[in-house]
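Dear colleague,

Please read them with the model open beside you.

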Amino acid sequence: MATDLYRCSFTWPRLEGSIEKQITPQVATSSDPDFIPLGDLLDLDMCLILTGTDEQEACEMRLTIAPLYLPRAVSLVVECPVIECYYGRLNEYHGTYHGELVYTLGDVKVFRFDIRIATDIDELQLKFISNKSDPLCLYGTRLYLTRNTDPLRTMMAMIGGRKIDPVAVQHRLQATDLSEKAEKCKRMILGSMLSSEQNIVNNNTVPEASTKQETDAPPPPPSDRTDSSLPKLFSRMELEPGIVPNLNTSLMEMAMKQYIDAKFIELQQLLDNRLTALEARQNTKLDRILTLLQGRENESTAGVQ
């Protein structure tokens, strides 16, 4: 059953234990599951030891969830004080978690993590921040799942992939000291992404609230007609951090929602049309069969008379 719910892999090779036994899935009815007691989470059969080298990156647990389910939380007991959480195929950063110290065995410290997941995702990566020269020991993992009420939307998202949020990327890179070449590359790529978002906005109807918000914004200088485009706004984000990011984020969220809703309406209409055509063909065939049977019945009656 576990293989039907998820797939798991680690970037460090296994030294002892079984990857298949290390994780216990639990299908819950609530999107906010209750975390199990520590005693239920620990099991000697679930213990897994991974080992890496100083040249390798920090060990990662990579989980892929079946489209019929959604991950809502994960609990771990591991010899690691810090875990970084990433979402999706694009490895989108979600947060850094510090574990609760539960055991101290000499120089070895064991921590518990309870990480809630509020976003509908199909992939999850957990990076264990610890000393690379020491083996990584996991004593038990519980994966809390809920049934996906809209698996078609999730499957389409898996096929199409997730989009990078340029505002989130800019926010994360603010304190990073980039070289001149890297800075130019970043502006070119993110500017291109935001141009695509502007095309989506232009091809969708804007609600009244957003129209009013744009009307209240300061008008662009008449000498530069493209100054209000998203690439231009992005270039001024550092000058207006309190206004422009919020505007860009609301526009992008609105555009993506309208685009996805329109696609699903189109898909529903396509399915309805195909079902209607199929029903019409079946009715035609049934009418022909009934006509033939009626004709044979009349012929038999005439022959008897």
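Glu60, Arg62 and Lys127 are joined in a network of salt bridges, where a salt bridge is a side-chain nitrogen of Lys or Arg within 4 Å of a carboxyl oxygen of Asp or Glu. This is a predicted model, in which local features need pLDDT of at least 70 and side-chain atom pairs count only at pLDDT 80 or more, while totals for chains, interfaces and linings use all residues. Residues are numbered from 1 along each chain as its sequence is written, and side-chain values use heavy atoms, with hydrogens and water left out.

Glutamate 60 is buried, its relative accessible area being 9%, whereas arginine 62 is partly exposed at 41%; here buried means under 20% relative accessible area, exposed over 50% and partly exposed in between, computed with a 1.4 Å probe on protein chains only.

The whole structure holds five salt bridges. One of them pairs arginine 116 with aspartate 32 at 2.3 Å, N to O, and this pair links distant parts of the chain, since arginine 116 belongs to strand β10 and aspartate 32 to the loop between β3 (23–27) and α3 (38–41), 84 residues apart. Helices (H or I, at least four residues) and strands (E, at least two) are DSSP runs, numbered from the N terminus. Both partners are partly exposed, arginine 116 with a relative accessible area of 39% and aspartate 32 with 46%. Another salt bridge joins aspartate 114 to arginine 112, with the closest N and O atoms 3.1 Å apart; aspartate 114 is partly exposed at 32%, but arginine 112 is buried at 9%.

Leaving aside neighbours within four places in sequence, leucine 76 is in contact (heavy atoms within 4.5 Å) with residues including Leu41, Met61, Arg112, Leu126, Phe128 and Leu138.
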